[in-house]
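Please read it alongside the display below.

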Amino acid sequence: MSAGLAGKVCVVNGAASLIGQAVADRFAQEGAVVVGVDKVEHKVGAHTLQADLTEEAQVEGAYRQIVREHGRLDVIYNNTGLMDRDDHSVLDMSLQTWRNALDANLTSVFLSCKHGIPHLLATEPAGGSVINAASFLAAVGSATAPMAYTAAKAGVVQLTRDLGVHLARSNVRVNAVLFGPIETPQQRAILERDPSVLQKRLVHWPMGRFGTLEEAAGTIAFLAGDDAGFITGAAIPLDGGITEAFTVPE
């Protein structure tokens with residue numbers, strides 16, 4: 001394992017999730033000082049914080065505390081997101097469901113960027129990396145997709161593009177990861193409610209499998225580190241080829 005993040009202060013928002021934990025562990029293995037932030041109580045990171053990432057005052061306060069304690073900020077990974085059982089077609093969705101999805105998936109990223117990026121710019125030397133969690137569903141049309149979720153994740157991708165271009169000469173890179181199905185108990189449980197649904201989907205996944213937590217964490221760590229120094233404003237697919245597949249191998 002390289003020490004590509006050695007000494008860097010890396011924030012993992014949504015740290016209590018399995019992907020958040022995996023990314024925090026990978027950052028730490030690469031020498032980073034990891035700060036884990038989540039709404040729920042947790043033990044992820046060398047420094048842990050509880051904050052509701054949809055509440056502006058709490059987000060602003062969390063970043064101030066992080067920089068006050070560690071003296072700098074280098075990497076922000078926004079792993080926030082929510083899928084709601086009531087989120088399906090806009091034709092029969094409540095306004096509250098729509099607002100909940102946008103707050104959890106898009107407003108949280110907006111607030112983190114708004115209050116975190118100024119600290120990246122203030123760190124000496126100025127610069128750093130922001131990685132936003134999005135979804136392959138933001139890049140395709142889907143007959144089964146939760147529409148508020150996918151609209152919010154598409155918003156994350158566009159916000160990422162705009163910030164990446166806007167900050168390109170400030171040495172702050174901003175990228176998004178388009179997550180496909182990653183192997184977690186929650187993801188499997190959603191798809192295994194009807195075993196025939198999982199089998200049907202596996203046929204249309206070119207690799208025919210879930211991605212692993214290790215693969216997810218490795219991709220995030222790459223984008224966080226200096227080896228990705230010429231990548232910004234990008235939406236990186238982490239989906240086993242799903243969004244590129246019209247037909248799949250037999």
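1. Helices α3 and α4 cross in the right-handed sense; a crossing is right-handed if the near helix is turned clockwise from the far one by less than a right angle, and left-handed if anticlockwise. The model is predicted: local features need pLDDT of at least 70 and side-chain atom pairs pLDDT 80 or more, whereas totals for chains, interfaces and linings use all residues. Residues are numbered from 1 along each chain as its sequence is written, and side-chain values use heavy atoms, with hydrogens and water left out.

2. The contact (heavy atoms within 4.5 Å) draws on W98, A101, L102, N105, L106, V109, F110, C113 and I117 of α3. From α4 it involves M147, A148, Y149, A151, A152, K153, G155, V156, L159 and L163. By class, this contact has 16 nonpolar, two polar and one charged residues; Ala, Val, Leu, Ile, Met, Phe, Trp, Tyr, Cys and Pro count as nonpolar, Asp, Glu, Lys and Arg as charged, and the others, Gly among them, as polar.

3. The axes of α3 (residues 95-122) and α4 (residues 147-166) come within 7 Å and cross at roughly 20°. Axes are lines fitted to C-alpha atoms, for helices over the stretch in contact, and angles run from 0 to 180 degrees between N-to-C directions. The two helices are therefore roughly parallel to each other (angles under 35 degrees).

4. The chain contains seven helices and seven strands. These are DSSP runs, numbered from the N terminus: helices are H or I of at least four residues, and strands are E of at least two. Along the sequence the pattern is β-α-β-β-α-β-α-β-α-β-α-α-α-β.

5. The seven strands form an open sheet in the order β3-β2-β1-β4-β5-β6-β7, with parallel pairing; two strands pair if DSSP finds at least two bridges between them. β3 (47-50) and β7 (235-238) are the edge strands, each with a single partner, so one side of each is left without a neighbour in the sheet. From one strand to the next, the twist averages 20°.

6. Within the sheet, β5 (residues 128-135) and β6 (residues 172-179) pair in the parallel sense over eight bridges. I131 stands opposite N175 in β6. Helix α1 (residues 18-29) packs on the sheet, touching β1 (9-13), β2 (33-38), β4 (75-78) and β6, and its direction makes about 170° with that of β1. Helix α7 (residues 213-224) also packs on the sheet, touching β4, β5, β6 and β7, with its direction at about 160° to that of β6.

7. Along its principal axes, the C-alpha trace of the chain spans about 50 × 40 × 35 Å.

Notes: Parallel < 35°, antiparallel > 145°, perpendicular 65-115°, else oblique.
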